[in-house]
Amino acid sequence: MRIDLEARTSRSTTLELLAPFAAFVIAVLIGGIVVALLGKSPLQAFSVYFIEPLSESWSLQEVAVKAAPLVLIAIGLSFCFRAILWNIGAEGQFVMGGLAGGIVAIVTHNGAGQSLLGSSWIVPAMLLAGTLAGVAYAMIPAYLRVKLGVSEILTSLMLVYVAELTLDYLVRGKLRDPNGYNFPQSVPFDDVARLPFLMEGERLHGGVVLALISVVIAGIVLGRTLFGFDVRLVGSAPKAARFAGFSDARLTFAVFAISGGAAGLAGVCEVGGQIGQLQPTISPGYGFSAIIVAFLGRLQPVGILFAGLVLSLSTIGGEGAQISMKLPLDMTRAFQGILLMCVLAADVLTRYRVKIVFGRRA
Amino acid sequence: MSSQMIELILITILTASIPLVIAAVGELVCERAGVLNLGVEGMMIMGAATGFAAAIQSGSTTVGALVGILAGMGLSAVFGLLVIFLAANQVATGLALTILGSGLSGLIGSGFVGLKRESAGHLHIPGLSDLPIVGRLIFGEDPFVYAAVALVCGVAFFLTRTRAGLTLRAVGENHTSAHSLGVPVRRIRFLAVLFGGGCAGLAGAYLSLSYTPFWSPGMTAGRGWIALALVVFASWKPFRAFAGALLFGGATVLQLHAQAASVGLPGQLLTAVPYLATIAALVVLSLRKGRGSVAPAALGIPFIPER
């Protein structure tokens, strides 16, 4: 038996639209088998993971709130991945963004620096600091790749650990709340250092809006600008792009800046919108889940929006399943891995006809 | 410094390097065949979880190690099927494998958190094992250490001195030429991927059966990624991978001793040493070599045979 791949001569739009759905269904089936092996009911698990979070207003909002960082990071990553550059350290850039934005909030705590300028500049300054910190942190692997030819995969990933340890060190040290009974956390941010909420008393904060805006901007940049054309061309025909005179180095810096900035912005939205203070860890792995979101959304802005909602749904569902079905949270992680594999396999099927030939080769 | 102290430091360096070298040598074979498997961390943590679970259930370290190897191979088989036979993207699929491995290992290990067992037994040769400084270092280690040394020598011999090793390298350098000479490119790549998976699983089993010896979620702590960097650092050569692993082992020991002696540096900085050292090592390597790459020419490129 052997497997033959035959390139499709024309790309089918229907197939490309259907592929992520097929991948999702297959991943759910495999996940169901794992749940059954753990001795739980797959049907109940499906309902807890994917239906129940949709049934109540507060959990619907929770889905949107958790999807926001995923979408924002994945939008940035899609530029990198389209240009076949592998920034897998978005988690670290997220943490650095949150840290930098958090420092602005802590420094201005209790009205410091507000007498002269008022307080309306604080949130914009936080967002700017977070974005710039993410950009700066992403410049390290980009620089090492462009100037020294060092694999951006390994450096960006190693820097995740370094970022997490930096945050941990500062929150337990210099940034700790002096009146916090020695708990490893910063002062709670002032109201003027919190992202505005969309509705009084609700959960949706400004980060959700920023994520939606990023989808629109990415759509325009990719579809309507020369830079977007450049990114797409390098991904699909690297040699042609080089002949056309596009600079590899500049593109590398640009896409790393975009992905790092988006991740940093997501980080500061998380601490300024969701958490409201700095803690030793501020991310449940958003930077890694966003990689799955980017691929599940086929690197398309609108696709990423829906993929982010799906992944967020499964995360909320996973928290529910931990309580109501005693399924460990690792189930969500395992499902995400299975899902990404199915998405990648389905992607192959859109580009090739797969033929399984029985018997010896001719 | 007393001779006992020196002996202790040398032993710690060696044992800290063992998981790295086992995983790195496996990945090295895989990459020499032209396949980049970024899932080492995932296969390693699966090896640690399943190995520990099996050892608890069976009471045997050997069974644990074997199950760890099989778990690594099982995950790598899924990876191989996707990237070799379906030509899926190797980087993304490897990442998926790491995510899957960390999730599955948590599920499997959840019932074994907090359990303890005896670590693997150590060799003891009367007389030899009692020699000063080198006695326990050379003649008093556990079977994993000797297996790792044998693995490095075996892989070095296989790659440079056997016909099969030459074929494997040919597949990694130029799969089209190898294919036209009648070499079953995809089958050889699949076997290389399985070997890499088995090694990663064994490296993980070493962690939970001998190095710590207990199971805790995320216990591989990036060692799989460091092993990947080691392969690059070693220019795809087994003995250099061992030397590199010993350097990293040294960094780990430095960190442990500095922590114990409380030298006034923050613990987080010391914990970050291996990750910073990895980046530094890659930078130094690239400065020394310039841009000329020694990576297998077909690394990461899927092979789709013309019909």
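Chain B holds twelve helices and zero strands, and its pattern along the sequence reads α-α-α-α-α-α-α-α-α-α-α-α. Chain A comes to 14 helices and two strands. This is a predicted model, and the predictor assigns the complex an ipTM of 0.88 and a pTM of 0.89. In chain B the average pLDDT is 87, with 97% of the residues scoring at least 70.

**Dimensions of the chains**

- The radius of gyration of chain A is 22 Å, close to the 21 Å that the globule rule gives for 362 residues, so chain A is as compact as a globular protein of that length.
- For chain B, a compact globule of 307 residues would have a radius of gyration near 19 Å, and the 20 Å of chain B agrees with this.
- Taken along the principal axes, the C-alpha atoms of chain A fill a box of roughly 80 × 55 × 35 Å.
- The C-alpha trace of chain B spans about 65 × 45 × 40 Å along its principal axes.

**Burial and contact range**

- In chain A, 51% of the 362 residues are buried.
- In chain B, 52% of the 307 residues count as buried.
- Taking contacts between residues at least 6 apart in sequence, 80% of those in chain A join residues at least 24 apart.
- For chain B, 78% of the contacts between residues at least 6 apart in sequence join residues at least 24 apart.

**Contact between the chains**

- Chain B gives 40 residues to the contact, and chain A gives 37 residues.
- On the side of chain B that touches chain A, the elements giving two or more residues are α3 (61-85), α4 (90-109), α10 (223-233) and α12 (267-289) of chain B.
- Helix α4(B) supplies the largest share of that side, with twelve residues.
- By residue class, the side of chain B that touches chain A has 27 nonpolar, eleven polar and two charged residues.

**Largest nonpolar core**

- The largest nonpolar core has 220 residues, of which A:Val71 and A:Ile73 touch the most other members.
- Helix α9 (residues 185-211) of chain B contributes the largest share of this core, 16 residues.
- Beyond the residues up to four places away in sequence, A:Ile73 touches A:Ala90, A:Phe94, A:Ala262, A:Ala263, A:Ala266, A:Tyr286, A:Gly287 and A:Ala290.
- In soluble globular proteins, nonpolar side chains tend to be buried together.

**Helix α9 of chain B**

- Of the 27 residues of α9(B), 25 are buried, so this helix is largely enclosed by the rest of the structure.
- At 1.5 Å a residue, α9(B) should span 39 Å, and the 37 Å between its end C-alpha atoms agrees with that.

**Surroundings of B:Met43**

- B:Met43 lies in helix α2 (residues 40-58) of chain B.
- B:Met43 counts as buried because it has 38 C-beta neighbours inside 10 Å, where 20 or more are needed.
- Leaving aside neighbours within four places in sequence, B:Met43 is in contact with B:Gly72, B:Leu75, B:Ser76, B:Leu97, B:Gly101, B:Gly197, B:Ala200 and B:Gly201.
- One of these contacts, B:Ala200, is 157 residues from B:Met43 in sequence, yet the two C-alpha atoms are 5.8 Å apart.

Notes
Residues are numbered from 1 along each chain as its sequence is written. Chains are lettered from A and ligands numbered from 1 in the order in which they are written. Two residues are in contact if their C-beta atoms, placed from the backbone, lie within 7 Å. Helices (H or I, at least four residues) and strands (E, at least two) are DSSP runs, numbered from the N terminus. Ala, Val, Leu, Ile, Met, Phe, Trp, Tyr, Cys and Pro count as nonpolar, Asp, Glu, Lys and Arg as charged, and the others, Gly among them, as polar. pLDDT is the predictor's confidence in each residue, from 0 to 100. A nonpolar core is a set of buried Ala, Val, Leu, Ile, Met, Phe, Trp, Tyr and Cys residues joined through C-beta atoms within 7 Å. A residue is buried if 20 or more other C-beta atoms lie within 10 Å of its own, exposed if 12 or fewer, and partly exposed in between; C-beta atoms are placed from the backbone. The radius of gyration is taken over C-alpha atoms; the globule rule is 2.2 Å times the number of residues to the power 0.38. The expected span of a helix is 1.5 Å times one less than its number of residues.
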